[in-house]
Amino acid sequence: MLENPIRGLINRLLQILTMTLPGGQKLRVSLHRARGVKIGRNVWISYNVILETACPELITIDDDVFIGIGVIVIAHFKEAVRGVRVGKRSFIGPGVIILPDVEIGEGAVVTAGSVVTTSIPAMTVVQGNPAVPVAKCGVPLWSDTSFKEFSRGLRPLSRK
């Protein structure tokens, strides 16, 4: 995948703007869309988020997703080019790193500081480096769900 130098420069300038400008649900989302990231409706992107600079078109973010501060999404390495998909109503905590060829299932929760190296099933909470499943969600963690309701719906997974 050879990057067009002009497009690469524009992508990098837009990426810098998205890291500092306000507007997590409007302006930053619009700038990432202009870069080529496929983003659904009602998505929140916090400050200091880096979404694949060289090949932003390899990232798909579905509707109703929250992406926390300082998240890094790397959608490709030299031989890995499937990209990254973040499913509907997913919650990506602060400081998370998502590596290439990963699909985050609908309603999944990635806890702060986790490193996602493999795909995550729907309605699953993962944590750690590498991120591993620790619980199943009864309801997605989203703005219309209270933390109490979310917590009550969690079902811990047994450790092997």
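The side chain of Arg 28 reaches the backbone oxygen of Ile 45 at 2.7 Å, a polar contact in the sense used here (N or O atoms within 3.5 Å, where within protein one must be able to donate a hydrogen and the other to accept it, and residues adjacent in sequence count only if both atoms are side-chain atoms). The model is predicted, so local features need pLDDT of at least 70 and side-chain atom pairs count only at pLDDT 80 or more, while totals for chains, interfaces and linings use all residues. Residues are numbered from 1 along each chain as its sequence is written, and side-chain values use heavy atoms, with hydrogens and water left out.

Turning to the strands, four of them form an open sheet in the order 1-4-7-10, with parallel pairing. Strand 1 (38–39) and strand 10 (102–104) are the edges, each with a single partner strand, so one side of each is left without a neighbour in the sheet. Pairing requires that DSSP finds at least two bridges between two strands. Strand 7 (residues 84–86) and strand 10 pair in the parallel sense over three bridges, and Val 86 stands opposite Ile 104 in strand 10.

Strand 13 and strand 14 run antiparallel and are joined by four bridges, with Gln 127 opposite Val 132 in strand 14. Their hairpin has four residues between the strands, and Gly 128 takes a positive phi near 105 degrees there. The loop between strand 13 (124–127) and strand 14 (132–136) also holds Pro 130, and the peptide bond from Asn 129 to Pro 130 is cis, with omega near 0 degrees. Strand 14 in turn pairs with strand 15 (residues 155–156) in the antiparallel sense over two bridges, where Lys 136 has Arg 155 as its bridge partner.

The structure holds two aromatic pairs. Phe 66 and Phe 91 form a stacked pair, 4.8 Å centre to centre with 10 degrees between the planes. This pair links distant parts of the chain, with Phe 66 in strand 5 (residues 66–67) and Phe 91 in strand 8 (residues 91–92), 25 residues apart. Phe 66 is partly exposed at a relative accessible area of 22%, and Phe 91 is partly exposed at 21%. The rings of Phe 147 and Phe 150 have centres 6.3 Å apart and planes at 35 degrees, so this pair is tilted. The criterion pairs rings of Phe, Tyr and Trp (its six-membered ring) if their centres lie within 6.5 Å; planes under 30 degrees apart count as stacked, over 60 as edge-to-face and the rest as tilted. Phe 147 and Phe 150 both lie in helix 3 (residues 147–152), three residues apart, about one turn of the helix. Phe 147 is exposed at 58%, whereas Phe 150 is buried at 4% relative accessibility.

Some loop residues complete the picture. Asn 42, in the loop between strand 1 and strand 2 (44–45), has a positive phi of about 60 degrees although it is not a glycine, and is partly exposed at 35% relative accessibility. Asn 48, in the loop between strand 2 and strand 3 (50–51), has a positive phi of about 55 degrees, again without being a glycine, and is partly exposed at 38%. Ile 69 lies in the loop between strand 5 and strand 6 (72–73); Ile 69 and Ser 46 are 23 residues apart in sequence and 4.8 Å apart in space, C-alpha to C-alpha.

Definitions and conventions. Buried < 20%, exposed > 50% of the residue type's maximum accessible area, 1.4 Å probe, protein only.
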